[in-house]
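This briefing covers selected local features of a predicted model. The points are grouped by topic and follow the display below.

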Amino acid sequence: MNNVYKNVKLASLNGPERTFVRVGKSSIGKDFVVIGGPCSVESEEQLLDTARKVKEAGADMLRGGAFKPRTSPYSFQGLGLKGLKLLEKAKDETGLPIVTEVMDTRDVGWASEYIDVLQIGARNMQNFSLLKEVGKVNKPILLKRGMNSTIEEWLSSAEYILNEGNPNVILCERGIRTFETYTRNTLDLSAVPALKELTHLPVIVDPSHGTGKVSLIEPMSLASVASGADGLIIEVHRDPSVALSDKDQALIPTQFAELVRKTRMLRDSMENLK
Ligand code: PEP
Ligand code: MN
């Protein structure tokens with residue numbers, strides 16, 4: 001029995017049993033999964049072209065935001081329903097399950113019809129109404145770490161979802177705010193093995209938001225694999241120079257394909273270390 005955090009009950013590791021979250025052909029927690037795609041859904045051509053390339057590179061799922069949490073109200077806010085319909089189209093064509101963020105309790109019900117995995121973004125990790133709402137849907141939840149949240153607070157947020165009856169929660173380390181400014185965030189990879197001893201839930205890593213820099217994404221992806229992560233979520237754009245959000249951290253499809261190849265090789269060779 002893990003008694004580190006008194007109020008983390010359902011999420012805590014209580015024995016050898018771990019939660020595997022089924023999405024499409026993958027069992028997250030058992031299979032190593034790679035999710036790729038643009039920060040935002042921008043247009044049909046942009047999404048479908050990127051989706052095809054991400055699939056070709058060997059990704060297991062497609063990401064793309066239709067509702068975007070932007071610092072400024074004047075920045076691109078996402079295409080909303082139109083974006084969800086484009087994601088659905090990309091799924092029909094490629095067969096890749098869709099991961100996308102929901103920001104508003106009012107959107108959870110209808111939007112989840114289009115979505116395979118609902119993402120709760122870093123800025124909403126402690127939006128307790130939203131956590132309770134997604135705890136009631138029958139879809140897996142990708143719960144990102146809040147940028148100023150401790151592991152205990154993060155697990156308490158997972159607890160909200162589990163407590164509403166949704167057992168399918170995947171945690172995603174995406175970096176925290178520190179005094180460092182060279183990187184967008186400080187990717188806390190020690191959280192991965194720490195979570196492995198605290199919770200039965202699968203843990204993936206987002207080195208795109210975790211570093212904010214293209215050059216650092218592949219090395220930190222490999223480091224994520226070494227730390228024991230169950231998967232990666234990576235931003236990919238066919239032409240980052242015209243991306244409507246997060247252009248500095250978007251890989252082009254060839255870089256993404258290399259990343260998938262190397263991370264899978266490392267993951268396979270880690271099996272021999274066991
Ligand atoms: C995103 O995935 O595009 C995103 C906004 O992530 P985060 O919530 O981690 O900042
Ligand atoms: Mn982004």
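Lysine 68 lies in the loop between β4 (61–63) and α2 (81–94). Although lysine 68 is buried, it has no salt bridge. Among its contacts is Cys39, which is also a protein donor of the manganese ion (ligand 2).

**Surroundings of lysine 68**
- The nearest side chain of opposite charge to lysine 68 is glutamate 101, 5.0 Å away; a salt bridge is not counted because the cut-off is 4 Å.
- Leaving aside neighbours within four places in sequence, lysine 68 is in contact with Cys39, Ser40, Arg63, Phe76, Gln77, Gly78, Met103 and Ser245.

**Manganese site**
- Distant parts of the chain are linked by the pair cysteine 39 and glutamate 235, which are 196 residues apart.
- Cysteine 39 sits in the loop between β3 (33–37) and α1 (44–56), whereas glutamate 235 belongs to strand β10 (residues 231–235).
- Both residues of this pair are buried: cysteine 39 has a relative accessibility of 7%, and glutamate 235 has a relative accessible area of 1%.

**Cysteines**
- The count of disulfides is zero.
- For cysteine 172, the closest cysteine sulfur is that of cysteine 39, and the two are 13 Å apart, too far for a bond.
- Cysteine 172 is buried, its relative accessible area being 0%.

Terms used
Residues numbered from 1 in each chain as written. Chains lettered and ligands numbered in written order. Predicted model: local features only at pLDDT ≥ 70, side-chain atom pairs only at ≥ 80, totals over all residues. Heavy atoms only, no water. Disulfide = S-S within 2.5 Å. Buried < 20%, exposed > 50% of the residue type's maximum accessible area, 1.4 Å probe, protein only. Donors = N, O, S within 2.8 Å, 3.2 Å for Na, K, Ca; no water. Helix = DSSP H or I, 4+ residues; strand = E, 2+ residues; numbered from the N terminus. Lys, Arg positive; Asp, Glu negative; His and termini not counted. Contact = heavy atoms within 4.5 Å.
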